[in-house]
Amino acid sequence: DVASAAAALTGLGMATYTGVLLGATAIPIWAKHATLLPAQFGASSLASAAAALELIGHRERALHRIGWVSAGAETVLHRQGPSSTTARLAGAFAGPIPLATRLLFGRSRRARQAAAVSTLLGSLLTRLAWIEAGRASARGDAAGSRQPVGK
């Protein structure tokens with residue numbers, strides 16, 4: 001139990017660390033979202049872990065609950081980040097699609113697998129969207145953010 005608790009705490013730190021590092025840079029959009037990035041990366045990591053475990057055959061009730069709670073968190077968090085097409089797709093695949101699939105069809109094995117695949121795709125797209133927004137922001141292009149850079 002002690003080892004599990006220690007693993008959970010260190011895992012939480014590692015899951016959010018990329019977001020912390022991005023937020024501590026000079027890239028305007030990343031610096032602007034320094035508090036959002038760790039939360040989004042953490043929720044995405046938790047969702048991805050649950051999705052991967054479900055895809056390899058785990059069917060625990062708690063795992064399913066983690067999946068829909070993290071999909072709910074992703075739905076909320078994606079409203080605050082970049083607004084590019086990639087970011088909007090990431091938000092849909094990471095949040096509302098798996099959330100609705102889990103809530104409406106959660107007892108179905110295929111629905112849980114579809115939600116898991118959507119979650120993993122959304123997680124990948126989330127990371128790509130933040131990279132894309134960072135590149136645009138570094139060039140001085142405000143297209144990747146919801147507000148013009150510098151405001």
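The protein chain has 7 helices and 0 strands, where helices (H or I, at least four residues) and strands (E, at least two) are DSSP runs numbered from the N terminus. Read from the N terminus on, its elements follow the order α-α-α-α-α-α-α. This is a predicted model, in which local features need pLDDT of at least 70 and side-chain atom pairs count only at pLDDT 80 or more, while totals for chains, interfaces and linings use all residues. Residues are numbered from 1 along each chain as its sequence is written, and side-chain values use heavy atoms, with hydrogens and water left out.

Along its principal axes the C-alpha trace spans about 45 × 35 × 20 Å. Of the 151 residues, 41% count as buried, that is, under 20% relative accessible area with a 1.4 Å probe, protein chains only. Among contacts with a separation of 6 or more, 70% come from residues 24 or more positions apart, contact meaning heavy atoms within 4.5 Å.

How do two of the helices meet? Helix α3 (residues 36-55) and helix α7 (residues 109-138) pack at an angle of about 150°, with their axes 9 Å apart; the axes are lines fitted to C-alpha atoms over the stretch in contact, and angles run from 0 to 180 degrees between N-to-C directions. Residues making this contact include Leu36, Phe41 and Leu55 of α3, and Arg112, Leu120 and Trp130 of α7.

Notes
Buried means under 20% relative accessible area, exposed over 50%, partly exposed in between (1.4 Å probe, protein chains only).
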